Amino acid sequence: MASMSFTESAQDMRDELVRLRHSLHRDPEVGLKLPRTQEKVLAALDGLPLEITLGKALTSVTAVLRGGRPGPAVLLRGDMDALPVTERNDLPYASRIEGRMHACGHDLHTAMLAGAAHLLSARREELAGDVIFMFQPGEEGYEGARHMIAEGVLEAAGGRPVAAYGIHVVSVLPLGAFSSRPGPMMAAADVFAVTVKGHGGHGSSPHTARDPIQAGCEMVTAIQTMVTRTFDVFDPVVVTVGSFHGGSADNVIPDEARFEATVRTFSADHRALVKRRLVEVVEGVAAAHGVRAEASFGMGYPVTVNDPAETAFAHATVDSLFGPGRYLAAPRPITASEDFSYVLREVPGAFLMLGACPPGRDPATAPYNHSPDAVFDDGALPDGAALYAALAHERLASADAGLGG
């Protein structure tokens, strides 16, 4: 494949990729508005033959590279936002902002995608089509991909892309290992919130009140029983109550209590069923205790579903680029969620994990993504940039040869 030299070219860019990644890591931004990050991305792309569009509702960057020959488009995505986490690592490039950290590795994704833009720009005349580079804010709960789709990222090259690819670093895979799977790759993530309304009273005489805390605690337990007795373990449902609030003093029964849960599912049927059953359970427990339950179900990111053909293509590209043994077939989906799912609902594609565990650490015990102790090794940068470039280059070549798209 022509893409074989991408690895060498990416290694030649390593120092530039590291400098960009460290600059982003020192100066993390959260949410949909990332002005300093956007500025750094634009500086990294300066001088390349790209058609650049900036977001309106968010500080996104959409860059289109027109190939030397006509053909379809392929989309490559990298997310740019950090998390509201205080870093605990003693690194020379550690976050300088209290309460913000690139704890999920999006600084690497941004640098890798910028590297791919350089790699593909250098070989623009070979491309049988166009490449859309999607630099996205607001992945961490802000639905940045949905906003960019609404603003036209999928039509940026003129017609919808025939394929879309994303790469995400993880600390729990060996450095340089890639992993993915066809079908459901990551879970849908929704929020279930309940306010339990009772009648307050004195803690010494609970029989004169209607205790919302006691009823709420029973609801939490009943929810877990409902999940195990309703859903097949081979189409998993995970419900975790992460917030429970009620009361202000040890001897006062409050009027109300509130809890919130994250709900993870891997199929549309179970996503719909769990919504209905959660409401039934809390309302039933509430009725038994003589209180009321006001429940709401906030729909979040959908299931991230990899197209089987595009996943097989990505696997083959990894093997061609790096040799056999670097791709690990994921045995099961991941219960984390990802808003690249919005792109994959519209365009066939694949989402891959890239191991970034520092050498000398055990991936099985390394701090996971989102941890204040998470560390991602710079050695993943050239591999990620090379794979991004190769996926676009070879996918356009296959479409040009009439093999897909």
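This is a predicted model: local features need pLDDT of at least 70, side-chain atom pairs count only at pLDDT 80 or more; totals for chains, interfaces and linings use all residues.
Which residue with a positive phi follows H3? The answer is Gly 47, with a phi near 90°.

**View 1. Helices H2 and H3 pack against each other.** Here you can follow H2 (residues 14-26) alongside H3 (residues 35-45), with axes 10 Å apart and an angle of about 170° between them. Angles over 145 degrees count as roughly antiparallel, and H2 and H3 are therefore roughly antiparallel to each other. On the H2 side, Leu 20, Ser 23 and Leu 24 make the contact, while H3 brings Thr 37, Lys 40 and Ala 44. Three of these contact residues are nonpolar, two are polar and one is charged.

**View 2. H3 has a buried face and a face turned away from it.** Look for Thr 37, Gln 38, Lys 40, Val 41 and Leu 45, the buried residues of H3. Down the helix axis they fall within an arc of 160°, so they line one face of H3. Glu 39 and Ala 43 are exposed on the face turned away from this buried side. The cover over the buried residues includes H2, strands S1 (50-54), S2 (61-66) and S4 (128-136), and helix H4 (106-121).

**View 3. Eight strands form an open sheet with mixed pairing.** Trace the strands in the order S1-S2-S4-S3-S5-S16-S6-S15. S1 and S15 (327-329) are the edge strands, each pairing on one side only. Neighbouring strands are turned by 25° against each other on average, direction ignored.

View 4. Ser 180 has Ala 329 of S15 as its bridge partner.

Methods. Residues are numbered from 1 along each chain as its sequence is written. Side-chain values use heavy atoms; hydrogens and water are left out. Axes are lines fitted to C-alpha atoms, for helices over the stretch in contact, and angles run from 0 to 180 degrees between N-to-C directions. Helices (H or I, at least four residues) and strands (E, at least two) are DSSP runs, numbered from the N terminus. Angles under 35 degrees count as roughly parallel, over 145 as roughly antiparallel, 65 to 115 as roughly perpendicular and the rest as oblique. Contact means heavy atoms within 4.5 Å. Ala, Val, Leu, Ile, Met, Phe, Trp, Tyr, Cys and Pro count as nonpolar, Asp, Glu, Lys and Arg as charged, and the others, Gly among them, as polar. Buried means under 20% relative accessible area, exposed over 50%, partly exposed in between (1.4 Å probe, protein chains only). The arc is that of the directions from the helix axis to the C-beta atoms. Two strands pair if DSSP finds at least two bridges between them.
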